[in-house]
Amino acid sequence: MYEPTVARLTYRALLGRRRAAILFVLPALLIVIASAVRLLTGADDQIASDVLGGFAMATMVPLIGVIAGTGAIGPEIDDGSIVYLLAKPVKRPTIIFTKLIVAIAVTMAFSAIPTFIAGLILNGNGGQIAIAYTVAALVASIAYSAMFLLLGTVTRHAVVFGLVYALVWETLFGSLVPGARTLSVQQWALSVAERIGVNGTITSDVALPTAAVLLAAVTVAAAWYAGQKLRTLTLAGEA
């Protein structure tokens, strides 16, 4: 199911000079913010949770997911180079699975690692906050990667739609409209963090069993449908 050649080409596309620069901006900003907050306020569990929840989970992780998920396949479809990949003797589900693994790995690396570092800077992992948000970032990375990979296969405007979801739905509606939080990857991931945290500073509007089911369902459904769309694209190209 995993094709090394496809993975290498996808990594090269995602970590090229231009995209890598974009991927580094948000993690670097998180570290700067965490350092400044620590200098100004000292170690405080609630402030640490607010920074990691308000910036890392609400903004950084979904945006990195947009870049990695859509970038894993969208540009190849847009410029037509996907035809050369599909002409290779590689099964279509294998292509999607491999690109999903790469997108997940990149999203995790650029979101979970800086989240953990920022958590250590903010309060030295007091209340297990750094670990809790790191695990939440890892979990969210999987769902975001699958969702945005799917977007990359169904529309040429995947980045735009991804940004709308990340910035409008997750950040704006997710914080203002209670009902919208149930359909938020951020809240599902925070449910996992809430279970790990020990001092009550991390909360989620979604119960952990529900969050786990929704995370798994969205990831599997998005990956499956992306495979179906890729199959349709191949057949259209062959016709």
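**Exercise 1. Describe how α3 packs against α10 in this predicted model, giving the handedness of the crossing, the axis geometry and the residues in contact.**

Solution. 
1. Handedness: the crossing in which α3 passes α10 is right-handed.
2. Axis geometry: the two axes lie 10 Å apart, and the packing angle is about 125°.
3. Contact: from α3, Gly53, Met57 and Ala58 meet Gln186, Ala189 and Leu190 of α10.
4. Composition: this contact divides into four nonpolar and two polar residues, with no charged ones.

**Exercise 2. Determine whether α7 and α10 are roughly parallel or antiparallel, and characterise their contact by residue class.**

Solution. 
1. Axis geometry: helix α7 spans residues 129–154, and its axis comes within 8 Å of that of α10, crossing at roughly 155°.
2. Orientation: an angle over 145 degrees counts as roughly antiparallel, and α7 and α10 are therefore roughly antiparallel to each other.
3. Handedness: α7 and α10 cross in a right-handed sense.
4. Contact: on the α7 side the residues are Ile131, Ala132, Tyr133, Val135, Ala136, Ala140, Ala143, Tyr144 and Met147, and they meet Val185, Gln186, Ala189, Leu190, Val192, Ala193 and Ile196 in α10.
5. Composition: the contact comprises 15 nonpolar residues, one polar residue and no charged residues.

**Exercise 3. Characterise the largest pocket by volume, contributing elements and residue class.**

Solution. 
1. Elements: α3 (45–71), α8 (158–176) and α10 (185–196) each give two or more residues to the lining. The most come from α3, which gives six.
2. Composition: the lining of the largest pocket has 13 polar, four nonpolar and four charged residues.

**Exercise 4. Carry out the corresponding analysis for the second largest pocket.**

Solution. 
1. Volume: the second largest pocket holds about 180 Å³ of space.
2. Lining: the residues are Leu9, Ala13, Arg19, Gly71, Pro75, Glu76, Asp79, Ser81, Ile82, Tyr84, Leu85 and Lys88.
3. Elements: two or more lining residues come from each of α1 (4–14), α4 (74–79) and α5 (82–86).
4. Composition: six nonpolar, four charged and two polar residues make up the lining of the second largest pocket.

Conventions
Residues numbered from 1 in each chain as written. Predicted model: local features only at pLDDT ≥ 70, side-chain atom pairs only at ≥ 80, totals over all residues. Heavy atoms only, no water. 1 Å grid on protein atoms, 1.4 Å probe; cavity = no way out; pocket = protein on both sides within 12 Å on 5 of 7 lines; lining within 4 Å. Points joined across faces, edges and corners; volume = space filled by probe spheres on them. Helix = DSSP H or I, 4+ residues; strand = E, 2+ residues; numbered from the N terminus. Nonpolar A, V, L, I, M, F, W, Y, C, P; charged D, E, K, R; others polar. Axes fitted to C-alpha atoms, helices over the stretch in contact; angles between N-to-C directions. Parallel < 35°, antiparallel > 145°, perpendicular 65-115°, else oblique. Left-handed = near helix turned anticlockwise from the far one by under 90°. Contact = heavy atoms within 4.5 Å.
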